[in-house]
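Please report on the fold of this model.

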Amino acid sequence: MSSNKQRPSILDKSLSRGKSEVSITAYALLFSEMVQYSHNRVQSVSDLHNKLSELGERVGVRMVELLFVRERNYKRETKLLNVLLFVKGTLWKSLFNKEADKLDRATDDERTFYLIEKEALVNRFISVPRDKSSINCAAFMAGVIQAVLNCTGFPAKVTALWHKGTTFMIKFDDAVLIRDKQLEGR
Amino acid sequence: MAVPGNYYFAIIGHHDNPMFEMEFAPANKEPKKEDHRHLNQFIAHAALDLVDESMWTTSNMYLRLVDKFNEWFVSAFVTAGRVRFICLHDVKNDDGIKNFFMEMYETYIKHSMNPFYEPNSPIKSPAFDKKAHFYGRKYLTG
């Protein structure tokens with residue numbers, strides 16, 4: 001063990017953005033290892049999705065705090081639509097340097113929203129075997145979105161589907177809708 | 001310099017669990033009342049309902065004064081991830097408390113970047129304690 005500590009403690013480093021770019025090959029290698037790691041430890045497709053989702057949640061909880069400090073200047077979100085626009089815009093831009101393609105509301109169920117991404121970066125280097133075509137590694141991104149929504153106070157379930165590219169189906173809890181209507185009426 | 005007062009700072013997680021607590025007293029006073037710690041915790045947690053109500057009415061993080069109990073004022077700060085910072089104080093010191101909250105928020109974010117830190121778990125880092133002491137002395141007890 002070295003006796004002189006030369007590295008600054010994590011608490012002394014600045015919060016402002018440093019280099020915001022990461023090499024895509026490094027990312028692809030890391031993500032492929034994560035998928036393989038999860039794949040070796042599960043028995044079914046939904047378990048794989050759950051495991052990837054959990055990994056995504058650990059990213060999401062940290063992104064929430066960072067992004068609100070850096071991009072939104074210490075202002076929280078209290079309205080449902082605004083938090084969804086935050087996910088579509090700010091979150092996607094900081095992760096993928098572009099906004100998500102489309103945000104839709106389901107016509108038959110007001111608790112459900114669809115976030116559509118034609119070519120998700122997470123799936124670019126993943127090849128899906130034909131016999132297990134329901135595997136969608138965008139479950140990792142679904143975990144990130146789910147953690148962001150849960151942390152900001154809008155509990156929801158997010159699943160990744162193969163539809164128009166990749167679609168994230170976001171289903172909010174009833175309490176969220178009720179509270180949002182109350183706030184709007186005030 | 002602010003009027004010297006006593007302060008109790010707590011970070012409360014999503015399940016109303018205290019993740020971090022610290023008391024600040026003026027430099028010259030000896031901590032003679034040791035048994036007030038549980039009362040402070042009680043007052044802070046009783047104010048949580050009021051914090052939860054008022055956090056939806058504003059998009060500010062600093063919620064100013066939310067409650068009063070005998071001679072203790074309760075100020076609150078809600079982070080983007082709904083982690084609540086509560087400060088009990090017996091003197092009014094809005095600016096000092098706001099600055100203290102902002103600095104502790106940044107320290108908390110830096111601490112939570114550690115991949116081994118489980119969110120909503122107690123914060124047991126000596127470096128974090130040192131930072132809290134430092135900012136407490138700088139902004140609260142002067």
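The report below takes these topics in turn.

## Basis

This is a predicted model: local features need pLDDT of at least 70, side-chain atom pairs count only at pLDDT 80 or more, and totals for chains, interfaces and linings use all residues. Residues are numbered from 1 along each chain as its sequence is written, chains are lettered from A and ligands numbered from 1 in the order written, and side-chain values use heavy atoms, without hydrogens and water.

## Sheet of chain A

Chain A has an open sheet of 4 strands, ordered β1-β2-β4-β3, with antiparallel pairing. Strands are DSSP runs of E, at least two residues; helices are runs of H or I, at least four. Strands pair if DSSP finds at least two bridges between them. The edge strands are β1 (102-105) and β3 (156-162). The twist averages 20° from one strand to the next.

β1(A) pairs with β2 (residues 112-117) over 4 bridges. A:Arg105 has A:Phe113 of β2(A) as its bridge partner.

## Helices on the sheet

Helix α3 (residues 80-96) of chain A lies across β1, β2 and β4 (166-172), at about 15° to β2(A). Angles run from 0 to 180 degrees between N-to-C directions, with axes fitted to C-alpha atoms, for helices over the stretch in contact. Helix α4 (residues 139-152) of chain A lies across β2, β3 and β4, at about 160° to β3(A).

## Between the chains

The axes of α2 (residues 45-70) of chain A and α3 (residues 94-112) of chain B come within 10 Å and cross at roughly 145°. Contact (heavy atoms within 4.5 Å) involves residues including A:Leu66 of α2(A) and B:Tyr105 of α3(B).
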